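Q: Hi, I have just opened this one and would like a friendly tour. Could you show it to me?

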Amino acid sequence: MVAAPGAVAAARPVLTIDGVGVRFGGIVALDEVSLEVRAGQIVGLIGPNGAGKTTLFNCISRLYSFDLGTIRFRERLLTDIPGHGIAAAGIGRTFQNLALFRTMTVMDNVMVGGHCRVRSSFLDNALRLPRVHREEAELRRESGRLLEFLDLQSVAGVPVAALPFGTQKRVELARAMASRPTLLLLDEPASGLNHEEVESLRAIILRLRDEMGVTVLLVEHHMNLVMRVSDRVVVLDFGRKIADGTPDEVRENPDVIRAYLGEAD
């Protein structure tokens, strides 16, 4: 069931980005960008190549440090969360370039994504204590449910390298969901997909929000997908935010039109 627009607007912020700036030498990658993602929203983040979208994703993932501003996740300063603790804190992510373990099976790849939730220590695992077996069994059950949700159960035992590209994309999504994220960062999930696969992806993103309660921040060049799946769209250009509104508002924004099409002669 899709959340009513009023309910989404009234929801609490899951992610608050306030005046974030990033420089690489003399290049300004992000120029004091601010935006907010509320619980239950699907927010599209778009812009021409080099606009700063992936840089912002990397800041949220703690892969990059930022020079200015703050990022809060569920009211907690992101800089208070260690980089290795981002998944356990509730932020999941897929990557533009697939980062799967290609020789491992689909099931094993997804189970890797859930290991941030495992409490057993190194010593527990070395001694193979009963709690280790219980946690592994539960992790396998949860991973199986995700494979079923994403229609991957028939390839659970297949090595990832043997699968078509579109199927591998769904495996990476399942692995990101295995950490039970509150916020899911999707980095160009439609890249390399055909029309039918993009339509399937749209349905999956909506189901993740509506059935699993996941908030989504989506970086994507596929404009048709972004405009049809997003509650709000944020546009970056040369590291600056130039628009933030509904898909219809952004579609008609003259600054956005200029950023994509250039100035009229």
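Q: What does Lys169 contact, leaving aside its neighbours within four places in sequence?
A: Lys169 is in contact with Gln96, Leu98, Glu188, Pro189, Ser191 and Leu193; contact means heavy atoms within 4.5 Å. This is a predicted model, in which local features need pLDDT of at least 70 and side-chain atom pairs count only at pLDDT 80 or more, while totals for chains, interfaces and linings use all residues. Residues are numbered from 1 along each chain as its sequence is written, and side-chain values use heavy atoms, with hydrogens and water left out.

Q: Where is Lys169 placed?
A: Lys169 belongs to helix 7, residues 165-177. Helices (H or I, at least four residues) and strands (E, at least two) are DSSP runs, numbered from the N terminus.

Q: Is Lys169 buried or exposed?
A: Lys169 is buried, yet has no salt bridge. Buried means under 20% relative accessible area, exposed over 50%, and partly exposed in between, with a 1.4 Å probe and protein chains only. A salt bridge needs a side-chain nitrogen of Lys or Arg within 4 Å of a carboxyl oxygen of Asp or Glu.

Q: Which side chain of opposite charge is nearest to Lys169?
A: That is Glu172, 5.8 Å away. Lys and Arg count as positive and Asp and Glu as negative, with His and the chain ends not counted. A polar atom of the Lys169 side chain also lies 3.5 Å from the backbone oxygen of Pro189.

Q: Ok, what about Glu220, where does that sit?
A: Glu220 is in the loop between strand 8 and helix 9 (223-229). Glu220 is buried yet has no salt bridge, and the nearest side chain of opposite charge, Lys169, is 6.6 Å away.

Q: Which backbone nitrogen does the side chain of Glu220 reach at 3.1 Å?
A: That of His222. The backbone nitrogen of Ala190 lies 2.9 Å from a polar atom of the Glu220 side chain.

Q: Which residues does Glu220 touch, not counting those up to four places away in sequence?
A: Among them are Leu45, Ile46, Glu188 and Pro189.

Q: How does strand 3 pair with strand 8?
A: They pair in the parallel sense over 4 bridges, and Ile42 stands opposite Val216 in strand 8. Strand 3 also runs parallel to strand 9, joined by 4 bridges, with Gly44 opposite Val233.

Q: And how do strand 9 and strand 10 pair?
A: Strand 9 (residues 232-237) pairs with strand 10 in the antiparallel sense over 5 bridges. Val235 has Ala243 as its bridge partner in strand 10.

Q: Why is strand 3 called largely enclosed?
A: Because 5 of the 5 residues of strand 3 are buried. Ile42, Gly44 and Ile46 are on one side, and Val43 and Leu45 on the other.

Q: What about helix 2, why is that one largely enclosed?
A: Because 7 of the 8 residues of helix 2 (residues 53-60) are buried, including Leu56, Phe57 and Ile60. After helix 2 comes Arg62, whose phi is positive, near 65 degrees.

Q: Last one: how many helices and strands does the protein chain have?
A: The protein chain has 11 helices and 10 strands. Of its 265 residues, 49% are buried.

Definitions and conventions
Pairing = 2+ DSSP bridges. Polar contact = N/O pair within 3.5 Å; in protein donor to acceptor, adjacent residues only side chain to side chain.
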